[in-house]
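Have the fold open beside you as you read.

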Amino acid sequence: MTATTTRCCAPIAREPLSETDAADLAVMLKAVADPVRLRLLSMIGSHAGGEACVCDLTDAFDLTAPTISHHLKVLRTAGLIDGERRGTWVYYRIIPEAVNKLGALFAPLTEPSPGRPGDLELLPV
């Protein structure tokens, strides 16, 4: 086996977050810190066509409809999903820019940050 080399540090370690960015990201992170909301986000994002009817989401949980609605409202308020009423149902879809912003926060850098070690060698286990 050979060792692989990867670049150090996620963007969160590249430079300090501004107060505004930290506040915005904290709202999104708090929203996905709940297992039900994380599952809802995953179910919406992976649903055929990229959107899911609330009627498709409620049966997956042993929770009341108002509780599911509350969790969806938290995700919507955090800017992670959007919804559109069609008749009596609401259809939800992920807002890709917001979810990508969360993912990018922890994604590896392609270049080392100034003053930080450039490469970390990952040794086989």
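Start at R93, which counts as partly exposed at 27% relative accessibility (buried means under 20% relative accessible area, exposed over 50%, and partly exposed in between, with a 1.4 Å probe and protein chains only). Before going on, note that this is a predicted model, where local features need pLDDT of at least 70, side-chain atom pairs count only at pLDDT 80 or more, and totals for chains, interfaces and linings use all residues. Residues are numbered from 1 along each chain as its sequence is written, and side-chain values use heavy atoms, with hydrogens and water left out.

What does R93 pair with? It forms a salt bridge with D82, the closest N and O atoms being 3.7 Å apart (a salt bridge is a side-chain nitrogen of Lys or Arg within 4 Å of a carboxyl oxygen of Asp or Glu). D82 sits in strand 3 (residues 81-86) and R93 in strand 4, so the pair ties together parts that are eleven residues apart in sequence. Helices (H or I, at least four residues) and strands (E, at least two) are DSSP runs here, numbered from the N terminus. D82 also forms a salt bridge with R76, this time with the closest N and O atoms 3.3 Å apart. Both ends of that pair are partly exposed, D82 at 29% relative accessibility and R76 at 36%.

The structure holds four salt bridges. Another one joins E84 to R86, with 3.4 Å between the closest N and O atoms. Salt bridges that share partners link E51, E84 and R86 into one network.

Now step back to the whole chain. You'll find six helices and five strands, and along the sequence they read β-α-α-α-β-α-α-β-β-α-β. Of the 125 residues in the chain, 26% are buried. Take the contacts (heavy atoms within 4.5 Å) between residues at least 6 apart in sequence: 67% of them join residues at least 24 apart.

So what's inside? The largest nonpolar core has 23 residues, and those with the most contacts inside it are L72 and L80. A nonpolar core is a set of buried Ala, Val, Leu, Ile, Met, Phe, Trp, Tyr and Cys residues joined through side-chain atoms within 4.5 Å. The elements giving two or more residues to this core are helix 2 (19-32), helix 3 (35-46), helix 4 (54-57), helix 5, strand 4 (89-94) and helix 6. Click on L72 and, leaving aside its neighbours within four places in sequence, you'll see it touching L40, I44, V54, L57, I81 and Y92.

A98, L102 and L105 are buried. Seen down the axis, the buried residues of helix 6 fall within an arc of 55°, so they line one face of the helix; the arc is that of the directions from the helix axis to the C-beta atoms. On the other side of helix 6, E97 and N100 are exposed.

Last stop, the outside. T77, in helix 5 (residues 65-77), is exposed, with a relative accessible area of 62%. T77 and V27 are 50 residues apart in sequence, yet 8.8 Å apart in space, C-alpha to C-alpha.
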